[in-house]
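Subject: A structure for you to look at

Hi there,

Here is the structure I promised to pass on. Have a look at it first, and then read my notes below.

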Amino acid sequence: LRVNQNLLMIKQQLLRLKELLPLLTVTPQRTKKSNTIQLALKLIDYNCHKNNIRTLLGQSTELLSYEITQHTAKTGEHYITNNRSEYFRMFKTAAGGGLIVGILCILKVLLSKIDTSDFGHAFLYSMNYAMGFIAIYVFGFTLATKQPAMTASTLARALEEGLSTASKSVKEIKYDAFARLFARLFRSQFIAFVGNVIIAFPVSLLGIWLIDKAINYNIAASKWEKLLYDLSPIDSLAIFHASIAGFFLFLSGIIAGSVANRNRHNNIYHRIAEHPFLKLSFGEKKAKKMASLFERKWAGVVSNFWFGVFMGSTASVGIFLGLNLDIRHITFASGNLALGLYGAGFNITPAMLFWGITGIGIIGLMNFLVSFSLSLLLAFRSRSIPLKELKQVAISIKHHFIYSPLKFFYPPIERGV
């Protein structure tokens, strides 16, 4: 924040120098009067806005958001597939994420049976989520809904480069290129959803079955009704709770960018690489490897840890405040559906099954829309892109979808399209 304010002050001083320079070099002589009048008008304008809090906050947050989203833009490039090999690689990593989430679903049900306070449950749930999300990140797996918060900045940066030209025809080409990039993002998100959901379901089902066979105890027998009820978009606040999860996904993206910037500002890489104890104990080469690993992974680890804390403590905070707060995440919803079915002995009404499956899709959609929309608005704000550009972007995406809808779900044969 201190660096951000210093940069803002330097920018203001440069703008003031720009206004003062015409008074020093007057060519021709008759511009003296006009330059003096312009300076007077500028001074009046500055004086009128010097106490404007909104302007101050706007300028400060614009630069700060740019610094944060610049990191997520670079990271987001890894979440957008280009061809079929990357598309199916995304499916494999998402399947790994679904495997871990399936285990987390079972652990959460077991943790809910511990006799402790609401704060105790919040702590246990938070650590369960946090360690699981960190494991997904460290092992190189994919949690589908983590993508939008990262990829929105990538899209905004691509649009920013396209709007830097004044040519209308070139801008239209850039809008079309943006639509193609969005199609790549959407199908990457789609296959990640598929990989998470279709693996989390059988893993949760297998896990609860093995526990039942091992100790003859159905851990979801007393909770199956709540597990299925929470998935229904018409019987519960699943849509609202999914939106809360989407906001936390957006917030975790901001945390990742902020931590990465702080590490870069404090020269953490060089401090670890040149630390005398580490160099003496492990050698110079290994010290540099440790520094590189920390630089690449630490921001993601911190981000996933806090995302887990947000997810695990929301319900307990809601109980404390007397509000119906909770989270719904598409991958966990798939695992909970499996646990609910087994807990009920697969004896549920067709309506419950229908709304459970439908709820998973709606929860995933809300996770994506909320996190992506907030991240895209922040990215637009950070790059001073007017929101009216969204209209042209939406039109280009619509035309691209009508022309080739399959590209939004499956990559074409040709590379990079």
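Let's begin with a pair of helices: α1 and α2 cross in a left-handed way. (A crossing is left-handed if the near helix is turned anticlockwise from the far one by less than a right angle, and right-handed if clockwise.) On the α1 side the contact is made by Glu19, Leu20, Pro22 and Leu23, and on the α2 side by Asn35, Thr36, Leu39, Lys42 and Tyr46. Contact here means heavy atoms within 4.5 Å. Sorted by class, this contact has 5 nonpolar, 2 polar and 2 charged residues. Ala, Val, Leu, Ile, Met, Phe, Trp, Tyr, Cys and Pro count as nonpolar, Asp, Glu, Lys and Arg as charged, and the others, Gly among them, as polar.

Before going further, please note that this is a predicted model, in which local features need pLDDT of at least 70 and side-chain atom pairs count only at pLDDT 80 or more, while totals for chains, interfaces and linings use all residues. Residues are numbered from 1 along each chain as its sequence is written, and side-chain values use heavy atoms, with hydrogens and water left out.

How is a helix pair described? Two packed helices are described by the angle between their axes and the distance between the axes. The axes are lines fitted to C-alpha atoms, for helices over the stretch in contact, and angles run from 0 to 180 degrees between N-to-C directions. For α1 (residues 2-24) and α2 (residues 31-49), the axes come within 9 Å and cross at roughly 160 degrees. The two are therefore roughly antiparallel to each other (over 145 degrees; under 35 is roughly parallel, 65 to 115 roughly perpendicular and the rest oblique).

Now to the whole chain. It has 15 helices and 0 strands; these are DSSP runs numbered from the N terminus, with helices being H or I of at least four residues and strands E of at least two. Of the 417 residues, 45% are buried, where buried means under 20% relative accessible area, exposed over 50% and partly exposed in between (1.4 Å probe, protein chains only). The chain exposes about 22,700 Å², and carbon and sulfur atoms supply 66% of that.

The crossing of α5 and α12 is right-handed, and their contact divides into 15 nonpolar, 7 polar and 3 charged residues.

Lastly, two loop residues. Most residues other than glycine have a negative phi. Asparagine 267, however, has a positive phi of about 55 degrees; it lies in the loop between α9 (238-265) and α10 (268-273). Phenylalanine 346 has a positive phi of about 60 degrees and is found in the loop between α13 (330-343) and α14 (350-382). Is Phenylalanine 346 buried, exposed or partly exposed? Phenylalanine 346 is partly exposed, with a relative accessible area of 49%.

Happy exploring!

Key
Areas by Shrake-Rupley, 256 points an atom, 1.4 Å probe, with all protein chains shown as cover.
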